Amino acid sequence: MLHIKCPHCGMRSQNEFSYGGDATVKRPELGKEISDQDWDNFVYNRKSLRGKHLELWQHLSGCRQWIKVERDTATHEIFRTLKANEDNS
Amino acid sequence: MDQNFRLSDGGLINRDKKLSFKFNNKTYYGYEGDTLASALIANGVHLIGRSFKYHRPRGFFGAGVDEPYAMVQLYRNGETEPNIKATEQELFEGLEATSVNCWPSVNFDIGAINNFLKIFLPAGFYYKTFMWPKSFWYKVYEPFIRKAAGLGVASIKHDKERYEHKYEYCDLLIAGSGPSGLASAYAAAKNGARVILAEDKARFGGTLLTSEVNIGNKSGKEWAEGIIAELKEMPNVTVKNRSQVFGYYDHNMLVMSERISDHLSKTKKFHPKQRLWYIRAKEVLISSGSIERPIVFGNNDTPGVMLSSAAKEYLKVYGVLVGRNPLIFTNNDSGYETAIEFKKNGVDPTILDTRKDPQSEIINEAKNLGINIKFSYVVVAAQGYKKVKSADIAKISDDKEQLGSVENIKCDCICVSGFWTPTIHLASQSGNKTKFNEEIDAFVPGTSKQNETTLGAANGSYTLEETLKNSFETAYDLSKKITNNDNKISLPNVVEKKSTTHDKFWCVPLPKGKNYKRFLDFQNDVAVSDIEIALKEGYRSIEHVKRYTTLGMATDQGKTSNLNGLQLVSNIENKVVPNVGHTTFRPPYTPVSIGAIVGREVGKHSKPTRKSPMHKWHEQNNAIFVDAGVWLRPRYYKQGNENLFEASKREAKNVRTNVGVCDVTTLGKIDIKGPDAAELLNRVYTNAWLKLPVGKARYGVMLREDGIVMDDGTTTRISENHYHMTTTTAQAANVLSHLEYYLQLVWPELNVNVVSTTEQWAGAAVAGPKSRDLLQKLFPKSDVSNEGLPFMGFIEGDLFGVKARIFRISFSGELAYEVNVESDNGHFMWEKIMEVGQEFKIQPYGTEALSTLRIEMGHVAGSELDGRTIPYDNSLEGLLSKKKDFIGKRSLTRKAFIAEDRQKIVGVVPLDKKTSIPEGSHLVKDSNAPLPNPKLGYISASCWSVEHNNPFSLAILKNGKNMIGEKLFVMSPLKNKVIPVEIVSSHYVDPKGERVRS
Ligand SMILES: [Zn+2]
């Protein structure tokens, strides 16, 4: 079980969180023209990365905030966690 | 005779408390503090079971967790449990156990025929045997294997015992209470760290209980007892015996299983049987010790052949002799310790030492005691079938290749020591890349991956002084980092016997003309010849050899077999062990009961059952309940001898003619507040929301980004910036997360807050032509006329002093309202509705009638919004705004979603107007078409229409738009039904929707 540092609550066990996928995907703006290809990339196409990955988790059984977690998908090492509005660069 | 092999005194057992127990239906006696194994050996019982593959007789090999053979079926307090190690099971009064793997009995076992047919059961027998002829598999092989194999019988009864989970945090978790565990726990605890010390066995102290050593002028055992007593008094220390740390997981989380009641005849009141600990430790000290390694020789699986350390433990801890004429076979000094213990207790052992001329303190002691020692000698083969009767021994050449002439000597047990293998499982599970230590021919932990440090014998350190010194220092350093304290313990004076190097000899060659089975894996019956075959057949990777031969794959996880297997592969391949590498260690280190893993999360859903505030009323009024997610809802209210069908028909009919009331508390409710609340709704729902007036509700559909319908419900504008959203019972949690996702990550600029209020409101749906009359009486001060409270209107009212929200919404197609009050007033509201409703012939209705009402009016629900349908499929395309964008809109233009013959919801009526249509049935054009008969659609929901008094179903049908009036067939191969049907509109009742507006 991972130990994830919620930026709002502190270190918590994985079973308080739910996984939310790739944090680098950006939803296309509402009402804007978008090609089929770009829309498909947004909705469906994800890379299954081995290594460092920025991902979304929601602290479901805690503060209910969506957070960003930089994690190694192979080793589970967590490098850092960010609030939803924090820049990941 | 009773306990013939028990010494007259000695051991750590309680001789004042005699216990009776049964093994294979025969009664024996032992003492409190015995294990089942020690008590059986005390009674001279060595035949305990049969081996897995060849069904050879099996005895005891170890004295603890390393035991590969002695698995029994245990009976305790009316329950039974398989796969229990007799060496770990503590004796209690009335214990009963039986052998496993024997049929018909342990003494005469039909499976032993495999032993003589072993040519048919070589390596890979799972893969290549029994494959031909195919018909034989079912009739001959499978029944035979089923009967002959297995490690016991799992109980099919409900387990009455309670198992608990516990979450714990500590500075240092110390796994194992031998010398290194005790020393490090003591040093860290004295330095202020929060320590958990876990010991697998009942007694703390590990090897200190059996070694002749002296620490600070005390015997090892006394020193251990002193340390434990002191630790138990310290508030920052948790000391647990009977607790196995069996798994090392990510982020320094370890799992430990504590056997609280397994050693008692019966679990004490209010106690659990076992407790599973999830421990998040800042630092982990692995002091799991080492396990003695066998030496491989002919028939080395015969009962009576056992590890020399086990023989010593039976002697010193249990006061039990494993034999009266022991042969000690060793390649190192450890065997001498066992021999000396025998000698001290008046038994004359013979030592065979593979070494030529070793010199050490302990060898001298053995010589001085007059023990018979034969150097450069080996056991070629054990003789005897159900128990060792003698041994074939021979001198071995200096290069260990040639055997001298074989002699036979009488003995009743062979105690083997092939040196020690560090227990590195936990370190390896943590991700530690282990390394090979040439000096001890074994793997030891390498660089730490997580915060783990391995100490003492588990790290290949076999002298007590060095172990204590390292443990004190490591624990001091680690605890100082955490606590910033500086209390250092000084190393006590240690006296131990110095030993000399071991002989790297592990397998006795076969004498000419003999083909003895030489076993590596005792539990899975993997012999030297099996590995040789696997390599001959081309297997190279140790992981493949393992799977092909099943070496190390039994429940003991190869604790005594792995290294010898690696040695063999290395020898044949002309490699060295580190180049072959070892297989992966995976948790659990020892078998863990399923009960402990599951804990309290048993029964339906493994979650707490949720009940509405009106639950008690339902119970008192003959409600039959149904699971709705985690909720319990009334399915129907039974009157007299009614069944489900009759009751639900009556309830639905009463709604259509008079008025009914239904508990709708379970519906998801979300409170939405903020100046941008309307904008949020406008983006998540497919229809327009910006112009909804205060005091009005609107029906909405929300999609996922891929265009699939996610949920539907009504949302009401309570005040300017305040909305009340309802969701389906099933999707309540998902919808809240969905809204939070968009608010927090995608559109953080929207000023809106959302919070679940599902449990804050109790809800009652009041439906039927007389519902307005009832409402008027419930809320005499409110105007509930069609003008005062029109369809999709909302007002607040006063229900006999209780504040209520009244929504005019309908799920049944009838004139209907939904009344919400704060949960605490739910029961009061319900009783008032029932009381006042008397004169209008009100009846409560359950989910079955609720479904009937919604199905016949064509209102979609979970069975249509099943994660596979888009708005068009549910005839909800009218709710798609053309003017604005919303979540999932872009996906709706996908080719398949706009196909001319796209599936659509329809109604289905059987031509005979009698036959009920099973849900999930398929719709086909021709019931006699050859398979696979093309499927045109499926039945999503079925009911008995109370309006038309015939069966009616909803279906999702290909090209449904153009199918109205078509005749098709419904097929249910499961129920063996073929029903001719007609396709009709999905709105079977009041298609124009006049009633809800009346
Ligand atoms: Zn949090």
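Colleague: Why is the meeting of the side chains of B:Arg890 and A:Asp36 called a salt bridge?

Modeller: A salt bridge needs a side-chain nitrogen of Lys or Arg within 4 Å of a carboxyl oxygen of Asp or Glu. The N to O distance between B:Arg890 and A:Asp36 is 2.6 Å, so this pair qualifies. Between chain B and chain A the count is three salt bridges. A word on the basis: this is a predicted model, where local features need pLDDT of at least 70, side-chain atom pairs count only at pLDDT 80 or more, and totals for chains, interfaces and linings use all residues. Side-chain values use heavy atoms, without hydrogens and water, residues are numbered from 1 along each chain as its sequence is written, and chains are lettered from A and ligands numbered from 1 in the order in which they are written.

Colleague: How do you know how much area is buried between chain B and chain A?

Modeller: Buried area is the accessible area (1.4 Å probe) lost when two parts are put together, summed over both. For chain B and chain A that comes to about 2300 Å², with carbon and sulfur atoms giving 52%. B:His251, B:Gln744 and B:Arg890 supply 27% of the area that chain B buries against chain A, more than any other three residues.
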